[in-house]
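Please read this briefing alongside the sequence and the model.

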Amino acid sequence: MKKTKKHKEIPNLHPKFFWEFIFDKIDWDGGYKMVIARIIERGGQDQIDEIVRFYGREKVITAVRDEIYFLPNYAIEDALKFFPELKKEEMYCYLNRKDKPYHWI
C-alpha cells in the first residue's frame, strides 16, 4: 500500500501578501496572527472573507482585538470597517501603538 502525503488545506490567498516568506512553508495554524495581521494590513474584502472562512470569525476577531501587538493606524481603521463589532479602545494594537506620547527618562 502506497503512503500518500495528506495535503493540508490552506487559505486561498495570493503569495504576494507573504513576499518575505516561503509560501509553501508557512505554518497557517501556528502563524495565524501573522497571517491575519498581514491581510488586515494589505488585503481587501475578498481576503478578509477568506481568513474568516479559514480561521472562523471569532478567532479572527479575538486575534485582532487581543493578540496582534502591532497594526499601523490605517490598518486599525480598516479592521474597524471589516469588523464593526470591534472597538478601537479594546484593541491591543491600538493601546500599544507607538505614536502615542511617551515619557522618556
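Apart from neighbours within four places in sequence, Lys 33 is in contact with Glu 67 and Ile 68; contact means heavy atoms within 4.5 Å. Lys 33 is found in helix α1. Its relative accessibility is 33%, so Lys 33 counts as partly exposed; buried means under 20% relative accessible area, exposed over 50%, and partly exposed in between, with a 1.4 Å probe and protein chains only. This is a predicted model, in which local features need pLDDT of at least 70, side-chain atom pairs count only at pLDDT 80 or more, and totals for chains, interfaces and linings use all residues. Residues are numbered from 1 along each chain as its sequence is written, and side-chain values use heavy atoms, with hydrogens and water left out.

**Around Lys 33 and Ile 68**

- Lys 33 and Val 64 are 31 residues apart in sequence. In space, their C-alpha atoms are 8.1 Å apart.
- Ile 68 lies in the loop between α3 and α4.
- Ile 68 counts as buried because its relative accessibility is 4%.
- Beyond residues up to four places away in sequence, Ile 68 touches Lys 33, Ile 36, Ala 37, Ala 63, Tyr 92 and Cys 93.
- The C-alpha atoms of Ile 68 and Ala 37 are separated by 6.9 Å. Along the chain, these two are 31 residues apart.

**Overall make-up**

- The protein has 5 helices and 0 strands. Helices (H or I, at least four residues) and strands (E, at least two) are DSSP runs, numbered from the N terminus.
- From the N terminus on, the order of elements is α-α-α-α-α.
- The protein has 105 residues, and 38% of them count as buried.
- The accessible surface comes to about 7500 Å². Carbon and sulfur atoms account for 54% of that surface. Areas come from the Shrake-Rupley method with a 1.4 Å probe; for residues, only the protein chains shown count as cover.
- Take the contacts between residues at least 6 apart in sequence: 53% of them join residues at least 24 apart.

**α1 against α2**

- Two packed helices are described by the angle between their axes and the distance between the axes.
- Helix α1 covers residues 32-42 and helix α2 covers residues 45-55. Their axes come within 9 Å and cross at roughly 160°. Axes are lines fitted to C-alpha atoms, for helices over the stretch in contact, and angles run from 0 to 180 degrees between N-to-C directions.
- α1 and α2 are therefore roughly antiparallel to each other. Angles under 35 degrees count as roughly parallel, over 145 as roughly antiparallel, 65 to 115 as roughly perpendicular and the rest as oblique.
- From α1, the contact uses Tyr 32, Val 35, Ile 36, Ile 39 and Ile 40. From α2, it uses Gln 47, Ile 48, Ile 51 and Tyr 55.
- By class, this contact of α1 with α2 has 8 nonpolar, 1 polar and no charged residues. Ala, Val, Leu, Ile, Met, Phe, Trp, Tyr, Cys and Pro count as nonpolar, Asp, Glu, Lys and Arg as charged, and the others, Gly among them, as polar.

**α1 against α4**

- The axes of α1 and α4 come within 8 Å and cross at roughly 95°. The two helices are therefore roughly perpendicular to each other.
- Ile 40, Glu 41 and Arg 42 of α1 make the contact with Tyr 74, Ala 75, Asp 78, Ala 79 and Phe 82 of α4.
- The contact of α1 with α4 has 5 nonpolar, no polar and 3 charged residues.

**α2 and its partners**

- Buried residues in α2 are Ile 48, Glu 50, Ile 51, Val 52, Phe 54 and Tyr 55.
- These buried residues pack against α1, α3 (57-67) and α4 (73-82).
- α2 and α3 pack at an angle of about 110°, with their axes 6 Å apart. α2 and α3 are therefore roughly perpendicular to each other.
- Ile 51, Val 52 and Tyr 55 of α2 meet Arg 57, Lys 59 and Val 60 of α3.
- The contact of α2 with α3 divides into 4 nonpolar, no polar and 2 charged residues.
- Gly 56 follows α2, and its phi is positive, near 95°.

**Ile 61 in α3**

- Ile 61 sits in helix α3. With a relative accessible area of 6%, Ile 61 is buried.
- Leaving aside neighbours within four places in sequence, Ile 61 is in contact with Phe 83, Glu 85 and Leu 86.
- Ile 61 and Ile 36 are 25 residues apart along the chain, and their C-alpha atoms are separated by 9.5 Å.
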